[in-house]
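Please keep the model open while you read this note.

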Amino acid sequence: MLLLTLLALAADPPPAPAMVTMVRGSVTLVDAGKRSPAPAPPFILAATQSLDLAADAHVVFLRQGGAFAVDGPKQVDPSSFRTTSNAGDKVGDLLAKRTSLAAAGAARGAGPSITRPVPNANAMVVTEVRWTCDNCGLQTVGIVDLRTDQSVWSGNGTGSAILSGIKLGPGTYAVTVGGTERTFRVVDLAAADAVLASVKADSLANENDRAAAGAGALYLAGYPTDALTMLEQHGLTGMVAEYERLAGVAP
């Protein structure tokens, strides 16, 4: 009997959480019989929770096996969306270890608060520095390669500055805006590409659904800067504020 039980557990792994990356229309979160409006995406949907979609609703979520888009009216239990194989499923592996999407957050003080690239995080591509600051005016911006302790770019701007004439290669850098300094790390594209590949976003028919799924996967894997860039490039600006809050660069 014990052997049969162990074999059954091996054949049917426990349900894993999902990551909801888009919510449109009337969507209700159901948790142990309690009902409440679904939070702003992205958020973790525990294996014991479900979503109740009204007729006008649409959701996109990630779980083991890839990305899924569902229209209402429907009751969505993410554990029912399975694929035949999860081999190489990096997103599923990450979700199995996550109960929250909130990051530690960047330290704040007087002066500019750097929002791009997201401080203390990995990034694939950095083309811009952004910051928030009340009445700070024009600011001097600089990037230093911490391995060589050499300046690799400098400029100025009011709220943002485009990195012109340079492509940052893999390495750890410090970015300064006025008196604020933060670090970030540029990584090889192969690691993030593997995460995006495991989402199988091409299976989604809608371009915005694919972007929402891709941004969620990038954020989950630790690339918040690139997740935010993807949202903005596809016009999903209404989702940016929650990602910034979770990344610790916005209240």
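1. Ground rules. This is a predicted model, where local features need pLDDT of at least 70, side-chain atom pairs count only at pLDDT 80 or more, and totals for chains, interfaces and linings use all residues. Residues are numbered from 1 along each chain as its sequence is written, and side-chain values use heavy atoms, with hydrogens and water left out.

2. Elements. Helices (H or I, at least four residues) and strands (E, at least two) are DSSP runs, numbered from the N terminus. Helix 3 spans residues 189-199.

3. The buried side. Buried means under 20% relative accessible area, exposed over 50%, and partly exposed in between (1.4 Å probe, protein chains only). In helix 3, the residues A192, V195, S198 and V199 are buried. They sit on the same side of helix 3 because they cover an arc of only 120° around the axis. That arc is taken from the directions from the helix axis to the C-beta atoms.

4. The buried residues of helix 3 are covered by elements including strand 6 (58-63) and strand 7 (66-71). Helix 2 (90-95) and helix 4 (207-220) are also among them.

5. A197. Is A197 buried or exposed? It counts as exposed, because its relative accessibility is 53%. A197 lies in helix 3. From A197 to D89 is 8.8 Å, C-alpha to C-alpha, although 108 residues separate them in sequence.

6. The two ends. At the start of helix 3, a side-chain oxygen of D188 comes to within 2.8 Å of the backbone nitrogen of A190. Just after helix 3, K200 has a positive phi of about 55°.

7. A stacked pair. The structure holds three aromatic pairs. Rings of Phe, Tyr and Trp (its six-membered ring) pair if their centres lie within 6.5 Å; planes under 30 degrees apart count as stacked, over 60 as edge-to-face and the rest as tilted. Y173 and F184 are stacked, because their ring centres are 5.5 Å apart and their planes are at 20°. Y173 belongs to strand 15 (residues 171-177) and F184 to strand 16 (residues 180-186), so the pair ties together parts eleven residues apart in sequence. Y173 counts as buried at 5% relative accessibility, and F184 is buried at 2%.

8. An edge-to-face pair. The ring centres of Y219 and Y243 are 5.6 Å apart and the planes are at 90°, so this pair is edge-to-face. It links distant parts of the chain: Y219 is in helix 4 and Y243 in helix 6 (residues 240-247), 24 residues apart. Both Y219 and Y243 are buried.

Methods:
Contact = heavy atoms within 4.5 Å. Polar contact = N/O pair within 3.5 Å; in protein donor to acceptor, adjacent residues only side chain to side chain.
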